[in-house]
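The structure comes first, and the notes follow by topic.

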Amino acid sequence: MLETPATSSAAGSHTSMYNIQHQPSAGGGASSLPPTLKSNPSPAPAHLKPKTTNVRRMRRIISEDAEWSLAIVPLLTELCIQHIVKNFQNNPILKQLLPEHQQKVLSHLPPDLPLKVTANLIDDENYWHRCCVKRWPVCHVAKHGGSWKRMFFERHLENLLKLYIPGTTDPNVILDLLPLCRNYVRRIQVDQFLPPVRLPTPPQTEDQSDSGSEGEGNEPEKDHYQLDALVAGLKCLEELDLVYGVKDCGMNFEWNLFLFTFRDCYSLAATIKACHTLKIFRLTRSKVDDDKARILIRHLLDHPALEELDLSHNLIGDRGARAAAKLLSHSRLRVLNLANNHIRAPGAQSLAHALAHNTNLVSLNLRLNCIEDEGGQAIAHALETNKCLTTLHLGGNELSEPTATLLSQVLPVNTTLISLNLSCNHIGLDGGKQLLEGMSDNKTILEFDLRLSDVSQESEYLIGQVLHANREAARQRTLNPGHYMSPITNNSPEHSVG
Amino acid sequence: MNPSGNIGVIEPNGEEHTLIHGPSVYSDNPQERIQARRLRIAARQEARRREALGEYLDGKKESEEDQSKSYKQKEESRLKLTKLLLCGTELVTNIQVATDIREIHRRVEEEEVKRQRLEKLENEVKTSQDKFDEITAKWEEGKQKRIPQELWEMLNTQQVHCAGLIEDKNKLISELQQELKIKDDQYVKDLKKQSDDISLLLERMEEQVKCMMKSFRQELMHIEKAFESERQELLSNNKKKWERALQAHNAKELEYLINRMKKVEDYEKQLNKQRAWDCEEYNMIKIKLERDVQILEQQLQQMKATYQLNQEKLEYNFQVLKKRDEESTVIKSQQKRKLNRLHDILNNLRTKYAKQIKQFQEENQNLTSDYKRLVGQFKELQKAMRHFAIIDAEKFREIWLMNEEEAKALAQRAFDVDRVIHAQHLGLPWEIPDFWFLKNVGPISIQQQKSATQILEELLLQTEEEGIDKSSEDDSYMDLPKQVSAKTTKKILMLLCDESGFLIESKLLSLLLPLEKSECYLLRLDAIFSALGIESEDDLYKLVNFFLQYRSHRLSSAQYSTSTHTTRTSLMSTMERLSLMSQVDRKSLTSKSEVESMDQETLQGGNESLVDKELREEGLSSPRLIHPNDVLKILEAFVMGLKKPKDIRPVLRIKKDTRDNSKDTEYWTSLAMVIPLSKQSLWDALYKALEKYYLVLTQRAKLLMENDSLEQQNAEMQSLLQQYLQAKVNSELQIPPTQSFRMPTK
């Protein structure tokens with residue numbers, strides 16, 4: 001499949017550098033989802049030691065063997081440590097040892113010990129690093145908060161969930177893991193849920209049935225794995241990134257494989273409602289239509305922690321958009337992504353109405369919808385009063401000159417918007433000129449995308465000049481914190497569209 | 001719609017996050033990132049420093065000028081890089097945008113196609129429905145038909161209709177399937193296109209990364225070069241500055257050094273001076289302190305010795321005290337025992353005492369009753385006594401008269417005898433002695449004594465009258481002592497009055513001023529006498545006598561050096577007499593015998609005393625009687641002498657109430673001594689002489705007879721002697737006794 005060179009969020013630790021060097025050789029197994037917006041609370045502290053290989057590669061200096069000894073007969077402590085390592089599975093002794101001996105034992109433990117023994121006993125990052133490296137060729141520890149242990153458990157759990165087949169796989173496979181990983185898993189990122197097997201053969205080996213699939217489409221039992229028990233058991237779950245679909249189906253494609261049933265929807269809604277620590281919820285590419293979106297959003301109303309909701313690449317229409325608008329005023333949502341849905345003018349109007357008085361939302365993405373001029377004008381009106389939104393994406397929305405006119409009036413008034421995307425619209429030459437006028441009075445917008453919008457090159461260039469000036473001013477502001485500086489500007493680059 | 005489309009759209013979505021706002025921090029190349037980060041840090045530090053200096057706005061221009069090279073280079077690089085980055089990201093994202101617009105176009109087309117299809121289907125549905133309705137209507141008709149032929153016909157037509165309907169449907173289906181096939185082809189094409197897009201995207205990204213890396217490296221090099229050159233400049237500038245400063249510093253240092261050396265020399269001199277001075281002082285103090293130490297050591301030794309001594313003493317005392325303590329404990333126990341015993345006794349005594357109180361109260365009652373009775377008896381007794389006193393007085397008088405008669409008769413006989421003796425034996429003429437008491441009849445009543453003031457009055461009056469009649473002098477002064485004349489007395493008194501004015505009160509003095517001289521003297525003397533305690537006549541005379549004797553003593557010691565012995569004796573005698581007088585006091589003063597003895601003594605004193613008296617008389621007349629300075633001394637001595645007698649006086653006073661019988665004895669003794677002692681002694685001497693005369697006579701007779709016998713013997717003896725002398729023996733002797741003694745003249 002596709003590989004993701006997008007590792008930008010891994011800004012700076014030594015470890016990540018090492019991993020990036022491996023990146024080109026990595027297969028498509030890595031997550032294709034965008035990296036999280038969430039800032040990693042703490043970089044991993046103990047990441048300098050396990051880098052012996054790294055050091056060798058970087059400096060071409062092979063250090064002497066620290067454990068080399070003249071003694072012919074090994075020391076008793078050495079023997080004891082070897083024995084402990086050998087019998088660790090049956091008799092794990094670690095906490096009772098001296099720190100130096102602990103270190104030795106950990107460095108000699110095999111990475112394939114049962115998790116039951118190691119999960120709650122070993123905190124040493126070095127060991128978990130070895131486990132991860134052994135299991136997965138590509139390890140992106142920065143995506144997991146810099147913790148190898150967390151990464152191991154998250155990816156382990158992810159693998160289990162990906163391969164879980166309802167009805168055939170024993171649910172205890174996952175639930176047994178729960179007490180071991182409950183303290184470490186913060187994110188569940190699953191991009192495939194396998195449907196229950198109707199035939200003795202698994203779906204992968206199922207024969208293609210082009211015509212037969214239509215007739216069997218109404219089979220009721222298509223529910224996927226129910227996450228509720230798992231999520232309830234995870235104490236510090238913060239992010240849920242789900243795709244109800246099947247990957248690598250190849251020529252075995254069937255529409256049934258991509259069914260997000262109502263029962264799934266209800267159970268998922270209850271699950272996320274019960275999870276009070278959840279901050280980020282993503283449900284993409286899962287054929288979520290208006291009704292399911294309403295169900296989900298109804299359960300998300302007044303959620304204590306939720307900050308980001310991503311329902312892109314679904315089938316949400318105006319009613320779903322209206323529900324999302326309601327959610328805006330009933331939660332502390334900061335990021336809302338409804339890209340590539342079926343929202344039209346009424347949905348956009350309701351969203352604009354909610355946006356007009358919202359004080360939490362920072363980013364709104366309505367890419368690839370069809371809000372047209374009516375919706376665009378409503379949103380432009382909302383920007384007049386909104387004091388919070390910094391990023392707005394309206395690319396590919398059939399907008400034309402009236403919206404541009406209104407926006408050009410709003411732009412001088414609004415002082416919070418930083419990034420605006422109007423690409424792939426039919427703004428036209430006059431609209432471009434009007435937008436240029438509006439932009440000439442604006443001092444805050446740093447990014448303004450007007451590609452493929454039928455705007456004349458001249459106005460596009462002039463807008464680029466204004467943007468450049470604004471960027472310089474913003475840079476001066478960041479260099480001199482005495483001036484006003486929006487705290488979001490530091491994070492905003494990731495949302496920007498070049 | 002279809003999954004592939006979804007996937008195709010997703011990819012650029014993921015791309016979004018790789019887009020970078022900052023220069024190159026998010027670049028894929030680690031080297032680039034590091035450099036970018038360094039740049040960023042440097043920029044931040046720079047900004048911070050500028051801000052700290054507080055000259056952001058003003059300082060910007062200056063700093064631009066100052067660090068023109070590096071700053072300019074940096075700005076240049078930054079702008080270049082950001083531009084490059086923007087262009088790169090735009091280039092990359094262009095693919096996404098293009099996909100988006102393609103998708104939109106596809107959607108629009110799709111919608112159009114869909115609409116047409118729907119319309120077509122709807123038309124189809126309508127037409128087929130119509131046809132179907134027709135057919136179903138015909139079924140109703142067919143049911144009514146009874147004729148098989150008709151029915152068959154109708155069924156045939158129905159079949160034809162149905163076949164037509166199905167054909168229509170099949171046609172539609174084939175059409176739709178055709179469309180689907182086209183769509184499938186389209187999908188495959190889309191997939192291909194997508195993969196192409198993705199590969200293009202990857203290519204572009206890689207290119208971008210490489211380009212960025214290269215450009216970042218270049219820019220970094222430029223910046224480093226700029227910094228290097230600037231650093232060199234700065235270094236050289238600073239070096240120059242430093243050298244200049246160092247030179248100045250060295251010059252100053254040298255100056256300071258010279259100053260310091262001078263100062264050091266000065267201080268050294270001062271120090272030496274100070275040191276010498278201190279040394280001397282130190283020696284002096286040392287000597288002194290050593291001496292002190294020696295003294296203190298001596299004292300210490302002494303103190304030690306005394307301490308030891310004291311210790312021993314104290315130990316001894318301690319031992320003694322211990323013993324005493326033991327003793328005292330013993331004594332204490334004894335005392336306790338005693339105390340207990342005494343307590344017992346006290347209790348007993350208390351009971352006894354209570355008893356006795358009762359007893360005594362009873363006795364007291366008895367005695368008071370007795371006393372009352374006795375008082376009554378005493379009053380009766382007094383009455384009786386008064387009665388007896390009157391009777392006794394009468395009896396006394398009778399007895400007195402009787403005894404007087406007898407005494408007078410005896411006196412008469414004595415006078416007779418005396419007369420005989422005088423006339424017959426002595427041959428002297430005899431006169432009848434005239435005594436006052438011989439004329440007295442009855443008990444003697446004593447007249448009052450004169451007070452001192454009265455005498456004074458008299459005295460003064462007499463001295464005034466002295467010149468007028470001298471003859472009366474002797475008579476009036478009979479009661480004064482013989483030797484003291486009135487004149488001298490007055491003189492003495494005047495002197496006293498003058499000298500002892502301090503004894504008079506000041507008030508009195510002021511009162512006396514207007515009075516006459518004599519009266520003035522009188523009052524003054526009165527006051528003085530009252531102060532001195534002189535009340536009676538005798539006191540006055542004593543005083544005068546005292547003065548005289550004092551004076552005489554002075555005179556005798558001063559003037560008569562030749563006859564010192566005699567004067568002293570006389571003085572002694574007078575002194576004795578005076579003391580005797582004072583001691584004997586008034587009672588004995590008047591006693592006759594005393595007076596007589598005194599007379600005798602004076603008589604025995606001889607002629608010298610007489611001469612003295614004469615001389616004294618002469619001295620009295622001399623103006624310098626007594627030196628006024630001596631008056632006070634005399635007075636003091638007098639007062640001292642007068643003290644004792646005064647104490648006795650009160651006792652005497654009491655007796656004055658009763659009848660004064662002091663004169664009685666005098667009277668009776670004088671009556672008994674009607675023949676004075678001189679006469680008696682005369683008588684005695686006469687008697688003795690007569691007896692001696694008689695003895696001589698008898699002896700004469702005896703001697704006459706003896707003489708006769710002796711003449712006889714003498715004659716005989718002479719004859720004998722003659723015999724012996726003539727004897728031969730005498731011749732035989734070598735020395736004859738006759739030769740040794742002369743032969744009595746015979």
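A contact means heavy atoms within 4.5 Å. Among contacts in chain A between residues at least 6 apart in sequence, those joining residues at least 24 apart make up 79%. This is a predicted model, in which local features need pLDDT of at least 70, side-chain atom pairs count only at pLDDT 80 or more, and totals for chains, interfaces and linings use all residues. Side-chain values use heavy atoms, without hydrogens and water; residues are numbered from 1 along each chain as its sequence is written, while chains are lettered from A and ligands numbered from 1 in the order in which they are written.

**Chain A totals**
- Chain A holds 18 helices and nine strands, which are DSSP runs numbered from the N terminus (helices H or I, at least four residues; strands E, at least two).
- Of its 498 residues, 54% are buried, where buried means under 20% relative accessible area, exposed over 50%, and partly exposed in between (1.4 Å probe, protein chains only).
- Chain A exposes about 22800 Å², with 55% supplied by carbon and sulfur atoms; accessible areas come from the Shrake-Rupley method with a 1.4 Å probe, and for residues only the protein chains shown count as cover.

**Chain B totals**
- Chain B has 20 helices and zero strands.
- Buried residues account for 23% of the 746 residues of chain B.
- In chain B, 78% of the contacts with a separation of 6 or more are between residues 24 or more positions apart.
- Carbon and sulfur atoms hold 57% of the accessible surface of chain B, which comes to about 56100 Å².

**Helix α16 of chain A**
- In α16 (residues 401-410), the buried residues are A:Thr403, A:Ala404, A:Leu406, A:Leu407, A:Ser408 and A:Val410.
- Their cover includes α15 (372-385), β8 (419-421) and α17 (428-440) of chain A.

**Surface patches**
- Patches are made of residues with over 30% relative accessible area and no salt bridge, joining like charges within 9 Å and nonpolar side chains (Val, Leu, Ile, Met, Phe, Trp, Tyr) within 5 Å.
- A salt bridge is a side-chain nitrogen of Lys or Arg within 4 Å of a carboxyl oxygen of Asp or Glu.
- A:Arg294, A:Arg298, A:Arg322 and A:Lys326 form a patch of positive charge on the surface.
- Helices α12 (290-300) and α13 (318-329) of chain A each give two or more residues to this positive patch.
- A:Arg322, in helix α13 of chain A, counts as partly exposed because its relative accessibility is 43%.
- B:Leu254, B:Leu257, B:Ile258 and B:Met261 make a nonpolar surface patch with about 400 Å² of accessible area together.
- B:Leu257 lies in helix α5 (residues 148-426) of chain B and is partly exposed, at a relative accessible area of 45%.

Conventions. Lys and Arg count as positive and Asp and Glu as negative; His and the chain ends are not counted. The place of a charge is taken as NZ of Lys, CZ of Arg, CG of Asp or CD of Glu.
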